[in-house]
Amino acid sequence: LNFGNAEFVRSAASPSQFVRDGAPQIVFAGRSNVGKSSVINRLLGRKNFARVGSAPGKTSQINYFRIDRQAYLVDLPGYGYAKVSKAEKERWGQLMESYFQDEGELITLGVLIVDARHKPTADDCVMCDWFRQSRCPMIVVANKVDKLKKSEVEANLQLIRDTLQIAEGEPMVAFSAEKGEGRETLLRELSLHCG
Ligand code: GTP
Ligand code: MG
């Protein structure tokens with residue numbers, strides 16, 4: 001699969017705009033500002049292809065990127081940003097619910113992105129359970145690992161595993177969208193779920 005061949009397809013703000021062409025979709029979920037869009041850019045080797053923001057809440061719609069004309073990377077709006085209005089949170093919840101329940105979409109992998117520096121939040125745990133309940137294969141990515149000291153990495157990864165209850169054999173990737181660490185590992189995992 002050629003990740004260098006990527007094209008932006010569309011942004012969806014409501015179910016009528018969802019992509020339902022039967023091609024596999026790999027979804028990127030996580031807290032606002034955790035780096036979902038940055039991880040996608042790093043994977044594709046592009047700058048600001050998926051739009052990155054300094055303020056949380058940059059991605060407010062569901063963005064579809066087609067890879068090699070056969071699969072999609074789906075950039076979801078982030079959750080858990082405290083300053084968002086109640087109405088905006090409800091809109092997010094409805095959009096996510098419609099997306100995950102939509103019969104026409106073929107979600108083959110959930111990429112749950114968490115912050116390598118912190119214990120996963122209650123929202124991260126809810127998202128994780130959501131993937132498990134829907135029996136969707138999931139991989140956890142601990143992003144911003146460049147912000148940790150080398151000596152801190154192992155303990156932080158273990159805390160993430162323990163909090164999300166990820167078994168020893170299940171994959172988890174330490175990642176840095178900033179520096180590129182973990183890119184090859186994650187690309188390998190993604191290509192297993194593209195066809
Ligand atoms: P929303 O669209 O608001 O949900 O955010 P997002 O999860 O898509 O995050 P985004 O990619 O916009 O990145 C948020 C901020 O974190 C930006 O300032 C990025 O430059 C920064 N960032 C993302 N990944 C990394 C990383 O691996 N290391 C460091 N140091 N900064 C990162
Ligand atoms: Mg984003």
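The questions below go from the whole chain to single residues and then to the ligand.

Mentor: This is a predicted model, in which local features need pLDDT of at least 70, side-chain atom pairs count only at pLDDT 80 or more, and totals for chains, interfaces and linings use all residues. Residues are numbered from 1 along each chain as its sequence is written, while chains are lettered from A and ligands numbered from 1 in the order in which they are written.

Trainee: In what order do the elements of the chain run from the N terminus on?

Mentor: Helices (H or I, at least four residues) and strands (E, at least two) are DSSP runs, numbered from the N terminus. By that reading the chain has five helices and seven strands. From the N terminus on, their order is β-β-α-β-β-α-β-α-β-α-β-α.

Trainee: What is the radius of gyration of the chain?

Mentor: The radius is taken over C-alpha atoms, and the globule rule used for comparison is 2.2 Å times the number of residues to the power 0.38. For 195 residues that rule gives 16 Å, and the chain is close to it, so it is as compact as a globular protein of that length, with a radius of gyration of 16 Å.

Trainee: Which residues touch the most other members of the largest nonpolar core?

Mentor: A nonpolar core is a set of buried Ala, Val, Leu, Ile, Met, Phe, Trp, Tyr and Cys residues joined through C-beta atoms within 7 Å. Buried means that 20 or more other C-beta atoms lie within 10 Å of a residue's own, exposed that 12 or fewer do, and partly exposed covers what is in between, with C-beta atoms placed from the backbone. The largest core has 46 residues, and those touching the most other members are Phe28, Leu112, Val140, Val141 and Ala142.

Trainee: Is valine 111 buried or exposed?

Mentor: Valine 111 has its place in strand 5 (residues 106-115). Contact requires C-beta atoms, placed from the backbone, within 7 Å, and, not counting residues up to four places away in sequence, valine 111 touches Ile26, Val27, Phe28, Ile139 and Val141. Because 27 other C-beta atoms lie within 10 Å, valine 111 is buried.

Trainee: Is arginine 69 buried or exposed?

Mentor: Arginine 69 sits in the loop between strand 3 (62-67) and strand 4 (71-75). Its phi is near 60°, a positive value in a residue other than glycine. With 9 C-beta neighbours inside 10 Å, arginine 69 counts as exposed.

Trainee: And asparagine 33, is that residue buried or exposed?

Mentor: Asparagine 33 belongs to the loop between strand 2 (24-30) and helix 1, and has a positive phi of about 80° although it is not a glycine. Since 20 C-beta neighbours lie inside 10 Å, asparagine 33 counts as buried.

Trainee: Which helix gives the most to the shell around ligand 1?

Mentor: A residue is near a molecule if its C-beta atom, placed from the backbone, lies within 6 Å of it. Ligand 1 is surrounded by 24 residues, of which the closest are Gly35, Ser38, Thr59, Gly78 and Glu178. With three residues, the helix that gives the most to this shell is helix 1 (residues 36-44).

Terms used: Contact = placed C-beta atoms within 7 Å.
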